[in-house]
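Subject: Structure handover and notes

Dear colleague,

Please find the structure below, followed by my notes on what came out of it. I would be glad if you could read them alongside the model.

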Amino acid sequence: MRILLRLIGFSFKYKQRLLLAYACTIAVTAFALAIPWILGIAVDEVVRSGEVGPLIFLASLILVISVLRGVAAYGQQYLGEALGQRVAYDIRNTFYERLQRLSFGFHDNQRSGDLMSRATADVEGVRMFIQGGLIRGAYMVLLILGVSVILIISSWKLALMSLVFVPFIILRTATIMLEMRRNWMAERTEMGHLNTVLQENLAGQRVVKAFAAEDLESEKFNYHASEVARYGFTAERLQAITTSLNNFFLLGGTGVILWFGGLQVVNGSMTEGELVSFVLFMGLLAIPVRMTAWIVNSFSRAMSSGERIFYVLDAESPVKEKRNALDIPRVRGDVRFEDVAFGYSELSPVLKGVDFEAPRAKVVAILGAPGSGKTTVVHLIPRFYDVSEGRITVDGMDIRDVTLASLRRNVGIVQQDVFIFTSTIRANIAYGSVDAPMEDVVRAAKAAQLHDYIESMPDGYDTYVGERGVTLSGGQRQRLAIARTLLLDPPILILDDSTSSVDTETEHLIRQALDTLIQGRTTFVIAHRLSSVKNADMILVMKEGRIVQQGVHEELVSVPGPYQEIYELQLRPQEVEVNGGGSLTSGGTGAASVSLETRTLNVEGTS
Ligand SMILES: Nc1ncnc2c1ncn2[C@@H]1O[C@H](COP(=O)(O)OP(=O)(O)OP(=O)(O)O)[C@@H](O)[C@H]1O
């Protein structure tokens with residue numbers, strides 16, 4: 001009921017259209033009821049007077065009414081369709097908008113395929129109901145009520161006999177409604193699984209092919225596809241059985257009328273015309289009786305779909321923006337973690353007592369074993385997640401007191417896994433700074449050592465890159481991400497330096513690009529490379545969610561502890577690889593130079 005009311009609430013935004021559609025529905029019902037009534041009078045007139053004059057008049061009247069009925073039916077259908085389309089448009093946009101606002105904490109627990117299914121198939125289910133069920137349902141109710149009242153006024157005994165089937169239809173409708181609802185919910189869920197398999201398969205095509213897993217993928221898809229089909233058949237079966245039963249009840253009622261009505265005509269207590277009207281009125285019920293099952297089916301589907309849509313619309317984002325949050329301008333870049341604790345769920349804390357200060361324009365290298373919490377620490381800065389204890393400040397301001405948009409404008413991220421949109425190179429570089437003038441885009445591309453490559457393409461900056469940037473090499477994707485961040489020009493930078501292995505020339509280009517990028521920004525490097533660690537202004541060594549050592553390379557390497565172990569086991573062997581090809585400096589402090597050796601440094605012992 002709550003879902004139905006909310007869907008009606010969406011429709012009520014267009015109340016003029018809705019009311020007009022209902023006005024057309026009332027007109028269609030009235031005209032539909034008038035025709036059998038006039039036909040009854042016509043039959044009586046012919047029998048009584050034997051003249052054709054009144055017949056011609058009544059026939060013309062029926063013609064006029066039929067035309068009017070046609071016009072009203074057109075209005076009803078058109079307005080219903082338009083209403084359905086508009087409501088679907090609104091729901092789809094509200095859904096998408098909500099998805100954009102929900103934080104990582106929500107998305108971590110969802111499957112993209114399922115969310116896509118909610119945004120498409122579920123919205124479509126709701127649209128069909130609004131367009132059909134909401135309007136036609138009213139027509140059906142009006143017609144049944146109208147026919148019942150007319151029949152009862154004409155001959156209540158005969159009416160009661162002929163309408164004896166109505167309670168059966170109501171009972172049947174009520175029972176299948178529950179069954180249909182359960183069935184549609186299961187079908188919607190399976191459809192979500194099906195979309196997830198499809199989406200993952202398409203996104204992971206390279207892995208599927210590399211592991212020759214086509215058969216496995218087909219099996220997974222087939223399983224969910226057959227489940228979807230099974231629930232679809234069940235819905236059709238329920239609808240077909242109900243339609244047949246309802247038809248049976250209706251025809252039974254018509255038989256009763258013919259039998260008892262015929263007897264009444266014979267004994268003179270009813271005219272021929274009244275009997276004809278009665279039978280025609282019963283005929284009018286055929287449409288709503290047949291439609292009952294369809295409407296119940298459409299209603300059940302819409303309620304299940306509505307539930308799935310409202311689940312997302314009502315979802316609370318774990319990261320919320322305060323009402324009076326400040327829209328901050330460009331910050332200086334002093335970042336401070338004050339006794340921060342965090343867990344992805346309340347049961348398992350991931351970070352405990354993390355406390356450090358990253359002064360403006362310094363480079364902080366974070367290292368530690370896999371799962372020690374390095375990524376988690378940096379993801380707290382742009383508020384992908386919120387701390388559970390303590391606080392993080394930027395220039396002394398608690399980051400929960402500022403708007404998410406203004407905070408994120410100040411924090412740039414260059415990840416190892418660069419996401420490229422299916423668009424032009426220019427649009428991809430300007431993602432996040434869409435209004436940036438072309439000169440700035442070119443300047444960023446030049447600084448990222450990508451300009452020459454772009455210029456060598458036939459369409460230059462307007463060259464389209466394939467889905468997820470498949471037409472670009474790993475090194476080009478990475479430099480594009482650097483150009484994107486350079487254009488954003490954030491004072492705080494998060495960098496995952498685990499560049500996939502590339503050739504020396506590309507490595508050199510990336511190193512130059514990063515050199516430019518890092519200048520003058522407070523930089524957090526998730527350190528996978530020797531020089532990121534060795535030349536950082538501060539090194540944080542993490543273990544099981546805690547900072548176990550903190551300092552600069554020279555200090556840490558001279559005392560026994562986790563850093564010394566990592567250095568001896570994994571960093572020192574890298575030293576022979578370093579050939580001093582360049583450096584990344586931290587805003588001219590001199591201390592921070594992050595050089596990129598040709599081989600990826602494997603701090604954790606994994607490649
Ligand atoms: N989205 C998430 N939901 C639940 N747990 C998570 C999530 N992301 C990470 N974790 C868990 O939090 C812990 C810290 O993970 P994190 O990614 O911060 O480690 P890391 O040091 O960056 O590891 P790596 O070097 O392997 O990337 C791990 O135990 C991990 O399983």
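What percentage of the chain over residues 134-153 is helix, and how far apart are the end C-alpha atoms? Over that span the chain is 100% helix and 0% strand, and the end C-alpha atoms are 29 Å apart, where helices (H or I, at least four residues) and strands (E, at least two) are DSSP runs numbered from the N terminus.

Before going further, please note that this is a predicted model, in which local features need pLDDT of at least 70 and side-chain atom pairs count only at pLDDT 80 or more, while totals for chains, interfaces and linings use all residues. Residues are numbered from 1 along each chain as its sequence is written.

**The helical part**

UniProt, in an unreviewed entry, places the feature "domain: ABC transmembrane type-1" at residues 19-301; UniProt positions are given in the numbering used here, feature names are shortened, and annotations may be inferred rather than shown by experiment. In the model, residues 19-301 are 92% helix and 0% strand, with end C-alpha atoms that lie 24 Å apart. The unreviewed entry also lists residues 20-43, 55-75, 134-153, 159-178, 245-263 and 275-296 under "transmembrane region", and of these, residues 55-75 are 100% helix and 0% strand, with the end C-alpha atoms 30 Å apart.

Helix α5 (residues 112-154) has 43 residues and should therefore span 63 Å at 1.5 Å a residue, which agrees with the 60 Å between its end C-alpha atoms; the expected span is 1.5 Å times one less than the number of residues.

Two strands pair if DSSP finds at least two bridges between them. Strand β1 (residues 335-345) is joined to strand β4 (residues 389-394) by five bridges, with Phe337 opposite Ile392 and Arg336 partnered by Thr393. β4 in turn pairs with strand β5 (residues 397-398) over two bridges, with Val394 opposite Met397; in the hairpin of β4 and β5, which has two residues between the strands, Asp395 takes a positive phi near 50°.

The other open sheet has six strands in the order β6-β7-β8-β3-β9-β10, with mixed pairing, and its edge strands are β6 (411-414) and β10 (546-551). Strand β9 (residues 538-543) and β10 pair in the antiparallel sense over five bridges, and Leu540 has Gln550 in β10 as its bridge partner.

**The ligand**

Twelve residues are around the ligand, of which Tyr344, Pro370, Lys374, Thr375 and Thr376 come nearest; a residue is near a molecule or strand if its C-beta atom, placed from the backbone, lies within 6 Å of it. Helix α12 (residues 374-380) gives the largest share of this shell, three residues.

With best wishes
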